[in-house]
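The sequence and structure come first.

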Amino acid sequence: MKVIPSELWHQRHENPGALEEAVNGPSGREWLMRWLPSRAHDNGIFVLFANGIGPDDEIRTGNAMILDPYGRIVAETPVADEAVVTADLDFELLPLATGRRWLLGRRPELYGLLTQPSGMERDTRTARHSSDPVPLTFRVGGGPDSIR
């Protein structure tokens, strides 16, 4: 995701199409659609995604939406403006949702390495915005094991 230029927000009344295109493009809705449906599906949950629109520490893109446990969009905002989404949720989708069934196949004995410091930890903002590449292999806790 890249930042939406602030000029588009400030010129939204003169050129609403440019803002609409930006909030629905690669830095807005298209970016959300790369990961948001999979979060709903993988976890077997309804996802209620709320995102403001307009200036904050960057230009927020809106795109509020509700997804079902299979990652399908139930409702979403249709405009690059303040909007509210509502939907009736079908809770009968939950018991057989794939993400819920995957919980039964967990292998917690394999998670140990993920809980040990690697020495490469960063605060979330630095990790998200860094242009430094992440190594394909790194050692965890200085031991002989590595994560690939």
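R60 and E58 form a salt bridge, with their closest N and O atoms 3.4 Å apart; the term stands for a side-chain nitrogen of Lys or Arg within 4 Å of a carboxyl oxygen of Asp or Glu. Salt bridges with shared partners link D56, D57, E58, R60 and R125 into one network. The model is predicted, so local features need pLDDT of at least 70 and side-chain atom pairs count only at pLDDT 80 or more, while totals for chains, interfaces and linings use all residues. Residues are numbered from 1 along each chain as its sequence is written, and side-chain values use heavy atoms, leaving out hydrogens and water.

Another salt bridge of R60 is with D56, at 3.4 Å from N to O. The whole structure holds seven salt bridges. One of them joins E76 to R29, whose closest N and O atoms are 2.8 Å apart. E76 belongs to strand β5 (residues 73-76) and R29 to helix α3, so this pair ties together parts 47 residues apart in sequence. Helices (H or I, at least four residues) and strands (E, at least two) are DSSP runs, numbered from the N terminus.

The table gives relative accessibility for residues in these pairs. Buried means under 20% relative accessible area, exposed over 50%, and partly exposed in between (1.4 Å probe, protein chains only).

| Residue | Relative accessibility | Class |
|---|---|---|
| D56 | 56% | exposed |
| E58 | 13% | buried |
| R60 | 25% | partly exposed |
| E76 | 29% | partly exposed |
| R29 | 24% | partly exposed |

Helix α3 (residues 29-43) has 15 residues and spans 21 Å from first to last C-alpha, close to the expected 21 Å, which is 1.5 Å times one less than its number of residues. At W35 the helix α3 bends by about 30°, and the proline P37 follows within four residues. The bend is the angle between axes fitted to the seven residues ending at a residue and the seven starting there.

Which residues of α3 are buried? They are L32, L36, P37 and A40. These buried residues pack against β1 (47-49) and β4 (65-67), where contact means heavy atoms within 4.5 Å. After α3 comes G44, which has a positive phi near 60°.

Y111 sits in the loop between α4 (98-102) and α5 (124-129). Its relative accessible area is 35%, partly exposed.
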